[in-house]
Amino acid sequence: MKLLQASLCLISLISLLLVLPSIFAASSSEDFDFFYFVQQWPGSYCDTQKSCCYPTSGKPAADFGIHGLWPNYKDGTYPSNCDATKPFDSSTISDLVSSMKRNWPTLACPSGSGEAFWEHEWEKHGTCSQSVINQHEYFQTSLGLKQKTNLLGALTKAGINPDGNSYSLESIRGSIKASTGFTPWIECNRDGSGNSQLYQVYLCVDRSASGLIECPVFPHGKCGAQIEFPSF
């Protein structure tokens with residue numbers, strides 16, 4: 001009897017040891033420190049050798065568009081594709097679709113409605129934030145952050161306009177900080193002629209997705225001292 005009990009205990013212990021790694025992996029996949037909220041300038045997305053395609057709904061407004069809300073770690077790494085059991089479900093954001101088309105347009109080729117873009121962002125990044133926000137809240141929060149930050153308004157107020165001219169990186173960063181209260185990280189890409197241009201703006205959001213914070217860490221890469229702000 002004692003031998004049987006010992007054997008059962010050993011089997012239970014082995015089973016527990018086999019299960020624990022998967023439990024920890026599942027929990028750590030949704031454990032993160034902050035969000036990057038990333039917006040992109042459509043003129044810079046399109047003004048490259050790769051070019052772009054307008055959405056099936058037509059050319060978007062000349063305004064920054066949402067790229068995504070990305071959970072991140074303080075060491076600069078990030079979780080991704082955390083929950084295959086929670087795929088994108090367009091019915092959960094049916095009340096947001098019209099706003100999504102305006103504020104989160106796709107520019108990828110071939111032309112699309114935007115749904116494939118939103119699906120990618122949710123499944124790669126959004127599924128890793130479910131310990132804080134659900135699918136509807138993920139998109140609703142992003143839309144609210146875009147309205148709150150109003151990047152184009154911040155830049156034009158400082159005399160920085162999407163007119164194809166070059167502006168100092170410091171003036172772009174400074175105008176956004178003056179407007180939002182927080183330091184942005186600026187990402188550049190290159191136009192068809194190889195000139196550096198304003199492409200994406202990163203701002204950081206606290207882990208509860210309730211407000212902006214100073215970024216614990218910035219991505220790698222840098223822009224030149226002077227960068228173009230192309231028209232769209």
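I began with the disulfide that joins C188 to C223, where the S to S distance is 2.0 Å, and I note at once that I am reading a predicted model. I then placed the two cysteines: C188 sits in strand β4 (residues 185–190) and C223 in the loop between β6 (212–213) and β7 (226–228), so the pair ties together parts that are 35 residues apart in sequence. Both C188 and C223 are buried.Next I turned to C204 and C215, which form a disulfide with their sulfur atoms 2.0 Å apart. The torsion about their S-S bond is about 105°, so I record this disulfide as right-handed. C204 lies in strand β5 (residues 196–206) and C215 in the loop between β6 and β7, so this pair ties together parts that are eleven residues apart in sequence. I looked up the burial of each cysteine, and C204 counts as buried at 1% relative accessibility, while C215 counts as buried at 13%.

I also checked C46 and C52, which a disulfide joins with an S to S distance of 2.0 Å. Their link is right-handed, with 95° about the S-S bond. C46 is buried with a relative accessible area of 15%, and C52 is buried with a relative accessible area of 16%. My search of the whole structure finds five disulfides, and with the bonded cysteines counted along the chain they follow the pattern 1-2, 3-5, 4-6, 7-10, 8-9.

Then I went to helix α5. How far apart should its ends be, and how far apart are they? At 1.5 Å a residue, the 15 residues of α5 (residues 135–149) should span 21 Å, and the end C-alpha atoms are 22 Å apart, which agrees. At the N-terminal end I found N134 as the cap, with a side-chain oxygen 3.2 Å from the backbone nitrogen of H136. After the helix comes N150, whose phi is positive, near 40°. The buried residues of α5 include Y138, F139, S142, L145, K146 and T149. I keep in mind that an α-helix has 3.6 residues a turn, so residues three or four places apart point the same way.

Is T180 buried or exposed? The cut-off for buried is under 20% relative accessible area, and T180, at 16% relative accessibility, counts as buried. A polar atom of the T180 side chain lies 3.2 Å from the backbone oxygen of F182. Leaving aside neighbours within four places in sequence, I find T180 in contact with T149, L203 and L212.

Definitions and conventions. Residues are numbered from 1 along each chain as its sequence is written. This is a predicted model: local features need pLDDT of at least 70, side-chain atom pairs count only at pLDDT 80 or more; totals for chains, interfaces and linings use all residues. Side-chain values use heavy atoms; hydrogens and water are left out. Helices (H or I, at least four residues) and strands (E, at least two) are DSSP runs, numbered from the N terminus. The expected span of a helix is 1.5 Å times one less than its number of residues. Buried means under 20% relative accessible area, exposed over 50%, partly exposed in between (1.4 Å probe, protein chains only). A polar contact is a pair of N or O atoms within 3.5 Å; within protein, one must be able to donate a hydrogen and the other to accept it, and residues adjacent in sequence count only if both atoms are side-chain atoms. Contact means heavy atoms within 4.5 Å. A disulfide is a pair of cysteine sulfur atoms within 2.5 Å.
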